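Please open the model in your viewer and keep the selection tool ready.

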Amino acid sequence: MTALLEVEDLRVAYGKIEAVKGISFKVDAGEVVTLIGTNGAGKTTTLRTLSGLLQPVSGHVRFDGRSLKKIPAHKIVSLGLAHSPEGRHIFPRMTIEDNLRLGAFLRNDKDGIEKDIRRAYELFPILGERSKQAAGTLSGGEQQMLAMGRALMSRPKLLMLDEPSMGLSPIMMQKIMATIAELKSEGTTILLIEQNAQAALSLADHAHVMEVGKIVLSGSGQDLLHDESVRKAYLGED
Ligand code: ATP
């Protein structure tokens, strides 16, 4: 089986600072793959490069059988790669529903869009209850849900989530993680970046640990969950 996403020897720099130093990994259809690692390890930079927001110095990215080299970000979305960025980036003055509709801006299957809006409200009932309210009035956690819902509105082949639980209360975090598990059980392919290594590894089919721009350890989510060095460094165990 060819992978849905293949990343080969990817290097990304900000001027002279090399943030990603030659990483390789793949994501098969239907899998949840997670990147965990310390602050500044290069995880966000990796996702932003896959979305076409940053250009790599070198390396290859293949998505759904084609190279993403020099493909602009909006085209990458239309190929089926959606990104729910760190820090939410919703449009605060627009209603919740209009924010969701923006996620479908490349689609013209009206019935499908309406179905997916209803689906977003099933996944996140609070968004349905407040659908006509300005998105800026939502709490941080609810905005995070909206960002995820909006990314799903493009019906992506691959959903990339950058720290979906950032800044959330434990209960909200559990909700987000349960939603990711539900999406996975429906067959959605997900590339997940998470500070909460315990939660991410519990969900993931495959996981990679990044440190200063490199992948230093890879394995199944369960393997890494039980790996002693991971437990010490990322799960807070002595
Ligand atoms: P975190 O978990 O803290 O979000 P991360 O693994 O996502 O970290 P990145 O945000 O990808 O890490 O950052 C990787 C490195 O690149 C860091 O050293 C960071 O300071 C640097 N960096 C990130 N964005 C920029 C930028 N716009 N200009 C210069 N350096 C940057």
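Begin by selecting T45 together with the ligand: a polar side-chain atom of T45 lies 2.4 Å from an oxygen atom of the ligand, which falls under the term polar contact, here a pair of N or O atoms within 3.5 Å. The protein covers 62% of the 630 Å² of accessible area that the ligand has on its own, where such areas come from the Shrake-Rupley method with a 1.4 Å probe. This is a predicted model, in which local features need pLDDT of at least 70 and side-chain atom pairs count only at pLDDT 80 or more, while totals for chains, interfaces and linings use all residues. Residues are numbered from 1 along each chain as its sequence is written, and side-chain values use heavy atoms, with hydrogens and water left out.

Now select helix α1, residues 43-50, which gives the most to the shell around the ligand, with 3 residues; helices are DSSP runs of H or I with at least four residues, numbered from the N terminus.

Finally, move to F105, which is placed in the loop between α3 (96-102) and α4 (110-123). Is F105 buried or exposed? F105 counts as exposed because its relative accessibility is 54%, and exposed means over 50%, buried under 20%, and partly exposed in between, with a 1.4 Å probe and protein chains only.

Definitions and conventions. A polar contact is a pair of N or O atoms within 3.5 Å; within protein, one must be able to donate a hydrogen and the other to accept it, and residues adjacent in sequence count only if both atoms are side-chain atoms. Helices (H or I, at least four residues) and strands (E, at least two) are DSSP runs, numbered from the N terminus.
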